[in-house]
Structure formats: C-alpha cells, structure tokens
Amino acid sequence: MGKKSNKLLGTEFVTATISTTLVLVLLGIIVLFVLTAHNLSNYVKENINVSVLISDELDSTQVAKMETELNTAPYAKSVEYISKERALKEEIEAQGVDPTEFLGMNPYTASFEIRINASHANPDSLNAAVKALRGNTNVVDVVYSKDLIKAVNDNIRRLSIILLIVAALFTYISFALINNTVRLTIFSKRFIINTMKLVGASWSFIRRPFLARGFTLGMMSAVLANVAILAGLYWLRNFEPQITTVINLKIVAVVMGAVFLFGILITFLCTFFSLNKYLRMNSNALYYV
C-alpha cells in the first residue's frame, strides 16, 4: 500500500511539474515579447534612412568636415558618405544598365545616408532636422519618406497597446492554470489534512510538507521552463543571427529571473491559500467540495 501511495504521489508530482512548466514557458515567452518590443521598435526606427544630397562643388576636405558635423548631430545614429561614382556603380549593379552610355555623364549626386536615432524617428523631430539640413547652402536636397515614418510610429503604437493587453490576459491565464494545478493536488489530499487536524497537528506542522512540496514544484518547473526557453532562443539565433540585435543577454537574464521568481512564488502562495481553505473546513464539508 505504501509503494502504491508513493507511486501515486510521484505521478501527481510529475504531472503537476509538466503542467506548471508549460504554463511558465508561455509566461516566459510573453515576458520576452514585452521586453523585446522596445528594442524591436528602436531597431525598426533606426533603419529609417534620410538621404542628404550635396553639391558637386564640395572638395574632399569640405565633405569630411560635413560628415563630422552630421555625425555629431543628435538625430544621427550613423552617417555614410556615398560618392557619385559609388552611386553610379550601385545603380548599374542593381539595374544592369549604365546611364552614362546614353547620357554621356554621371547623373547621380553625392550624398550622405543618415540612419536616424530612434528618439528622433518621429514626424516633429525629423521635420526640424530636415529644415535645418535644407538651410545648409551645400545641401541640394533632403529625401525621406514622411508616410513611412508616420506609418511606423502609428503601427508601433498600436502593436504596443495590443501586446500589453495580450500580456495581461496571458499573465492572468497563467496564474489561473498554475493555481488550478496546485489546488487539484491539495484537493486530493484533503482527507489526509483533515486526519492530521483530528489527531491534534498544528496548522504550521500540516503546512510544512505541502509548502516544501510546492516550493520544489515551482523551482523544478521554473528550471525546466528556462531550459526550454533557452533552447528555443538558441535555435532562433542559429536560424536568424540578426535576432541578437533585438534580444540581448540582459533581456534573457530578466526573462529567466522572472520565470524563476514567478514559478516559485505562485506555487508557494497557491499552496498556502489552498491549504488554508481545507484547514478551515470541518470534516462533513469535505464531502461536498
């Protein structure tokens, strides 16, 4: 009988661990999405380019000076100089046609390609920056997509709101699922709890093994969930190396810590409150739960 009871206890614990692990993986993914949303937003914004077309009369010294000035501008993430010759070469490679053959000249203008800082990738900041650039007598024109910038900001704003709602919903679901898993485990032991009460055991004495078991359940589930999440991130990095620009080590560490803390805390608290429910019940009420 003792072996059968131990086997049943082991089966229940393994089942509870698997269930809790799956829920914690889901929770970890939600936390990961929330934390990477900001980095993803910055990554998208910082890939918006502004082309500053410059006069052909500038010599190499003036070009270098202008490049230095642009690099120190608060709106510039990075600045790249594109000469007339390079612009022509890239166009020939892209189109397969040399325009100098029928024009007799290089029609392209030297330019600076500016990647915008995320903090300035909004219509108001960019309009101010473009106005200042166009005021420079060495600048022929400034080319950028107003509609693209507006669309990026609007879509990021909408996605952020949706993500926060989804995160709150799934956090609640995760809490409910883990709570139900723990409550079912305690429910199956309600008569044992009542028997311990009848023989005079104190509430703290009765709680001790259950709380220890809940703590172990949470810790093991959190470790397994973190291993699963790390394995998924490792596969994702091999599949798409650029993902490291959005998901960095700091974010991974925060996700691991959140899963571990949540796993232990929620199982411990759910065990505590579920135990108190059955500790307060009298013997007859246990049959009608």
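User: Before we start, what counts as buried, exposed or partly exposed here?

Analyst: A residue is buried under 20% relative accessible area, exposed over 50%, and partly exposed in between. The model under discussion is predicted.

User: Then is Tyr81 buried, exposed or partly exposed?

Analyst: Tyr81 has 29% relative accessibility, so it counts as partly exposed.

User: How many aromatic pairs does the structure hold?

Analyst: It holds three aromatic pairs. Tyr81 and Phe112 make up one of them, with ring centres 5.3 Å apart.

User: Why is that pair called tilted?

Analyst: The planes of Tyr81 and Phe112 stand at 50°. Planes under 30 degrees apart would count as stacked and those over 60 as edge-to-face, so an angle in the remaining range is tilted.

User: Where do Tyr81 and Phe112 sit in the chain?

Analyst: Tyr81 belongs to strand β2 (residues 76-82) and Phe112 to strand β3 (residues 111-116). The two residues are 31 residues apart, and their pair links distant parts of the chain.

User: And is Phe112 buried or exposed?

Analyst: Phe112 is buried, because its relative accessibility is 0%.

User: What kind of pair do Phe272 and Phe273 form?

Analyst: Their pair is edge-to-face, with 80° between the planes and 5.5 Å from centre to centre. Phe272, at 26% relative accessibility, is partly exposed, whereas Phe273, at 56%, is exposed.

User: Turning to helices, how do α8 and α9 pack?

Analyst: Helix α8 (residues 203-239) and helix α9 (residues 249-280) have axes 8 Å apart, at an angle of about 155°. An angle over 145 degrees counts as roughly antiparallel, and α8 and α9 are therefore roughly antiparallel to each other. The crossing of α8 past α9 is right-handed.

User: Which residue classes make up that contact?

Analyst: The contact of α8 with α9 has 23 nonpolar residues, along with seven polar and two charged ones.

User: What about α6 and α9?

Analyst: Helix α6 (residues 146-187) crosses α9 at roughly 45°, and their axes come within 9 Å. The two helices are therefore oblique to each other. α6 also passes α9 in a right-handed crossing.

User: One last topic: what span should helix α3 have, and what does it have?

Analyst: Helix α3 (residues 84-95) has 12 residues and, at 1.5 Å a residue, should span 16 Å. Its end C-alpha atoms are 16 Å apart, so the two values agree.

User: Which residue follows α3?

Analyst: Gly96 follows α3, and its phi is positive, near 75°.

Methods: Residues are numbered from 1 along each chain as its sequence is written. This is a predicted model: local features need pLDDT of at least 70, side-chain atom pairs count only at pLDDT 80 or more; totals for chains, interfaces and linings use all residues. Side-chain values use heavy atoms; hydrogens and water are left out. Rings of Phe, Tyr and Trp (its six-membered ring) pair if their centres lie within 6.5 Å; planes under 30 degrees apart count as stacked, over 60 as edge-to-face and the rest as tilted. Helices (H or I, at least four residues) and strands (E, at least two) are DSSP runs, numbered from the N terminus. Buried means under 20% relative accessible area, exposed over 50%, partly exposed in between (1.4 Å probe, protein chains only). Axes are lines fitted to C-alpha atoms, for helices over the stretch in contact, and angles run from 0 to 180 degrees between N-to-C directions. Angles under 35 degrees count as roughly parallel, over 145 as roughly antiparallel, 65 to 115 as roughly perpendicular and the rest as oblique. A crossing is left-handed if the near helix is turned anticlockwise from the far one by less than a right angle, and right-handed if clockwise. Ala, Val, Leu, Ile, Met, Phe, Trp, Tyr, Cys and Pro count as nonpolar, Asp, Glu, Lys and Arg as charged, and the others, Gly among them, as polar. The expected span of a helix is 1.5 Å times one less than its number of residues.
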